[in-house]
Amino acid sequence: MPQSASWQFQHSLVLFRMYEQAPGHTPYMAIAEDENGQVVGQLLAVTRWRKSLLPLYLYKQARVFGTGDYTDNANPQEIFGMLLGRLTRILKMKLCLYIEFSNIPFKMYGYQHLRACGYFPTGWMETHLDLKEANPTDRLSLKSSRYLKELTEMGLQTREATSDAEVKEFCKLLKKSYRYVLQSFLPNKELIREYHHNPQIKIYVTTNGNKVVAGCVCLFANGNAYGCYAVTNKKLVPKNHAFHISVWHAIEEAYRRDCGKFFIVDAGQPSMHNTLTKMMLNLGAVSTNKYRWYHLNVPLVNTIICKWIVG
């Protein structure tokens, strides 16, 4: 498969192969070439099945993280429109219940193309920590400083997962925490193991003795750090604050690596009561109003939302 000269991990052949190796995941790459046959842009999407007996459901969802990878001499917005149309047709043929576009660079990026392809936006308060402006420690709120001190005094320690056994424990905690979150794009244990063996992805676990009680996945790419799947065991840690110490460890590591920004991918749901959003704000993050875009593969419902609810 060809690959563009401008390399982004989220739309790379490396990640495509990782999805291929993970059961239940199917990657799709839309590629744009110029008149000379040179790749000028590519857009990666991945589908996976969601299923459960209680409650009973079975459906396929698709997710695109970002808006693609483009060469320096390309017109990203124009090429994005072509890749978007092609990818949307393919994913609809694959009977995905819905398609989600996340991590859009700015609020109005690709607005015309997305609406033309039948997508509708939802408000998303993206939170990020700018690591270039100041040391993250200087931005900690008093509340977060107290949480981190209390967790340390309880004996909780965070470090990179070093064994398959720790990764397995993290997978169990991840599955339990996201079991009823229908919107989430939860990786299975095979994909988490692929993450564990990739040098750009780190899995941080918080332990209490020999027990994994919290953790998060962190991707280092494109000069930034992306925290994913911050989870905690609510029964073992009071007040549900254990992921504070996991995410804080990832932030400190991103600062040591001289990353520009730190994002929590799941933070930003359109509610100030979202736990991850509040945690990021307490850790010194700032918020930016953006969109996430969705397309339901139920024509009547999607049309009603696009024309009558969103307008």
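This is a predicted model: local features need pLDDT of at least 70, side-chain atom pairs count only at pLDDT 80 or more; totals for chains, interfaces and linings use all residues.
**Exercise 1. Describe how helices α5 and α6 pack, and decide how they are oriented to each other.**

Solution. 
- Step 1: Find the two helices. Helix α5 covers residues 164-177, and helix α6 covers residues 189-196.
- Step 2: Look at the geometry. Their axes lie 10 Å apart, at an angle of about 135 degrees.
- Step 3: Name the orientation. Angles over 145 degrees count as roughly antiparallel and 65 to 115 as roughly perpendicular, and the rest between these are oblique. The pair α5 and α6 is therefore oblique.
- Step 4: The crossing of α5 and α6 is right-handed.
- Step 5: List who touches whom. From α5 come Asp164, Val167, Phe170, Cys171 and Leu174, and they meet Lys189, Ile192, Arg193 and His196 of α6.
- Step 6: Sort the contact by class. Five of its residues are nonpolar, one is polar and three are charged.

**Exercise 2. Now turn to the packing of α1 with α6, and work out which residues make the contact.**

Solution. 
- Step 1: Check the handedness. Here the crossing of α1 and α6 is right-handed.
- Step 2: Pick out the residues. Met18, Tyr19 and Gln21 of α1 touch Leu191, Glu194 and Tyr195 of α6.
- Step 3: Sort them. The contact of α1 with α6 has four nonpolar residues, one polar and one charged.

**Exercise 3. Count the cavities of 30 Å³ or more, and describe what lines each.**

Solution. 
- Step 1: Count. There are two such cavities.
- Step 2: Take the largest cavity. Its volume is about 370 Å³. Of the 21 residues lining this cavity, Tyr19, Phe65, Tyr195, Cys228 and Tyr229 lie nearest the centre.
- Step 3: Trace that lining to its elements. At least two residues each come from α1 (13-21), β2 (39-52), β3 (57-65), α6, β9 (211-221) and β10 (224-232). By class, the lining of the largest cavity has 18 nonpolar residues, one polar and two charged.
- Step 4: Move to the second largest cavity. This one has a volume of about 140 Å³. It is lined by 14 residues, and Asn103, Trp124, Glu126, Val265 and Arg292 are nearest its centre.
- Step 5: Trace this lining too. For the second largest cavity, β6 (120-130), β11 (261-264) and β12 (286-296) each give at least two residues. Nine of the lining residues are nonpolar, two are polar and three are charged.

**Exercise 4. Which residues lie closest to the centre of the largest pocket, and which elements give two or more residues to its lining?**

Solution. 
- Step 1: Note the space. The largest pocket holds about 650 Å³.
- Step 2: Find the central residues. The lining has 22 residues, and Arg48, Lys175, Leu186, Asn188 and Lys189 are the closest to the centre.
- Step 3: Name the elements. β2, α5 and α6 give two or more residues to the lining of the largest pocket.
- Step 4: Sort by class. The lining of this pocket has nine nonpolar, three polar and 10 charged residues.

How values were computed:
Residues are numbered from 1 along each chain as its sequence is written. Side-chain values use heavy atoms; hydrogens and water are left out. Axes are lines fitted to C-alpha atoms, for helices over the stretch in contact, and angles run from 0 to 180 degrees between N-to-C directions. Helices (H or I, at least four residues) and strands (E, at least two) are DSSP runs, numbered from the N terminus. Angles under 35 degrees count as roughly parallel, over 145 as roughly antiparallel, 65 to 115 as roughly perpendicular and the rest as oblique. A crossing is left-handed if the near helix is turned anticlockwise from the far one by less than a right angle, and right-handed if clockwise. Contact means heavy atoms within 4.5 Å. Ala, Val, Leu, Ile, Met, Phe, Trp, Tyr, Cys and Pro count as nonpolar, Asp, Glu, Lys and Arg as charged, and the others, Gly among them, as polar. On a 1 Å grid over the protein atoms alone, a cavity is a set of points where a 1.4 Å probe fits but cannot get out, and a pocket is an open set with protein on both sides within 12 Å along at least five of seven lines; lining residues have an atom within 4 Å of a point. Grid points are joined across faces, edges and corners, and a volume is the space filled by probe spheres set on the points.
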